[in-house]
Amino acid sequence: MTDATLDHVFDVTEQNFEAEVISASLDTPVLVDFWATWCGPCKTLGPLLEQLAAEYKGAFRLGKVDVDKNQQLAAMFGIRSVPTVMLVKDGQIADGFAGALPLGQLREFLERHVQPLESESEAAEAPAETPEAAINRLQQAIAAEPERAELKLDLAVALALAGHSDAAAAELDALPANLATDARAVRLRQQLELARVLKDAPAQAELEQRVATDAADWQARDLLGVRLLLGGDPAAGLEQFLAILQHARDWNDGTAKKRLLAAFNTLDDAELVGRYRRRMASLLF
């Protein structure tokens with residue numbers, strides 16, 4: 001195990017489970033690998049998971065549970081065979097599988113929930129490209145290789161960045177089932193759904209005036225939060241949703257919680273998301 005891998009892999013015990021898995025998953029997904037020293041397939045799967053933990057550069061953490069030493073944890077998760085892997089996200093089990101999957105299937109599993117984080121050097125080396133230029137490039141690539149469905153997801157993202165929401169939504173709707181659940185597709189769909197909320201909505205100044213006049217105008221707060229979130233001031237937008245969650249949790253069928261979760265899935269700022277996830281959790285639990 002390399003130093004880079006060690007940064008993202010840890011042993012899970014009954015003593016640290018609550019803090020290192022449940023609470024920590026509010027900030028970063030935790031992949032929990034239930035294994036045993038006598039298990040042959042575990043010896044195949046474990047190194048592959050550690051390899052992916054290093055590749056993903058902290059986008060998820062890998063927690064390893066020795067079932068013989070932590071029988072209560074294994075029982076709590078209903079583990080009947082090893083290896084079994086569970087993904088814990090936002091404090092609850094989001095997905096899982098049993099058995100030793102090959103590397104390709106492991107990548108597909110992870111891509112449904114998390115994306116690798118780029119290093120600063122990789123980000124600096126990435127060439128700048130305008131959304132319109134990306135659209136032209138991707139349309140040409142799709143024309144040349146129409147069987148590459150992943151290019152259509154790239155095109156949907158580029159269309160959304162260029163402000164072509166309807167076209168982006170159409171591309172998303174046309175994706176095959178395996179890509180429709182891709183993390184980027186889910187994220188983009190949530191961004192587009194948030195943008196639709198603002199159709200025919202009042203201007204930001206009017207919404208701010210309504211909130212100043214009546215702090216319990218939850219509809220105005222909700223719309224203002226979405227405007228701020230999509231308008232480049234995400235922290236201010238999240239504050240509006242938190243205010244609703246604190247004082248009117250059940251308003252409009254729990255819209256504030258839904259808005260917060262959608263926002264977390266659309267923001268790139270891990271520190272900001274982590275801070276507001278903790279604040280949300282403190283209000284809910």
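Contact here means heavy atoms within 4.5 Å. The model is predicted, so local features need pLDDT of at least 70 and side-chain atom pairs count only at pLDDT 80 or more, while totals for chains, interfaces and linings use all residues. Residues are numbered from 1 along each chain as its sequence is written, and side-chain values use heavy atoms, with hydrogens and water left out.

**View 1. Surroundings of L238.** Leaving aside neighbours within four places in sequence, L238 is in contact with L260, A263, F264, L267, L272 and Y276.

**View 2. The largest nonpolar core.** A nonpolar core is a set of buried Ala, Val, Leu, Ile, Met, Phe, Trp, Tyr and Cys residues joined through side-chain atoms within 4.5 Å. Buried means under 20% relative accessible area, exposed over 50%, and partly exposed in between (1.4 Å probe, protein chains only). The largest such core has 29 residues, and L238, L245, L260, F264 and M280 have the most contacts inside it. Two or more residues each come from α12 (204-213), α13 (218-230), α14 (234-247), α15 (255-264) and α16 (270-284). The largest share, 7 residues, is that of α13. Helices (H or I, at least four residues) and strands (E, at least two) are DSSP runs, numbered from the N terminus.

**View 3. D182 in a loop.** The loop lies between α10 (177-180) and α11 (183-197). D182 is buried, with a relative accessible area of 10%. Not counting residues up to four places away in sequence, D182 touches E111, Q115 and L153.

**View 4. The hairpin of β4 and β5.** Strands β4 (residues 84-89) and β5 (residues 92-98) run antiparallel and are joined by 6 bridges; two strands pair if DSSP finds at least two bridges between them. M86 stands opposite G96 in β5. The hairpin has 2 residues between its strands, and D90 in the turn has a positive phi of about 55°.
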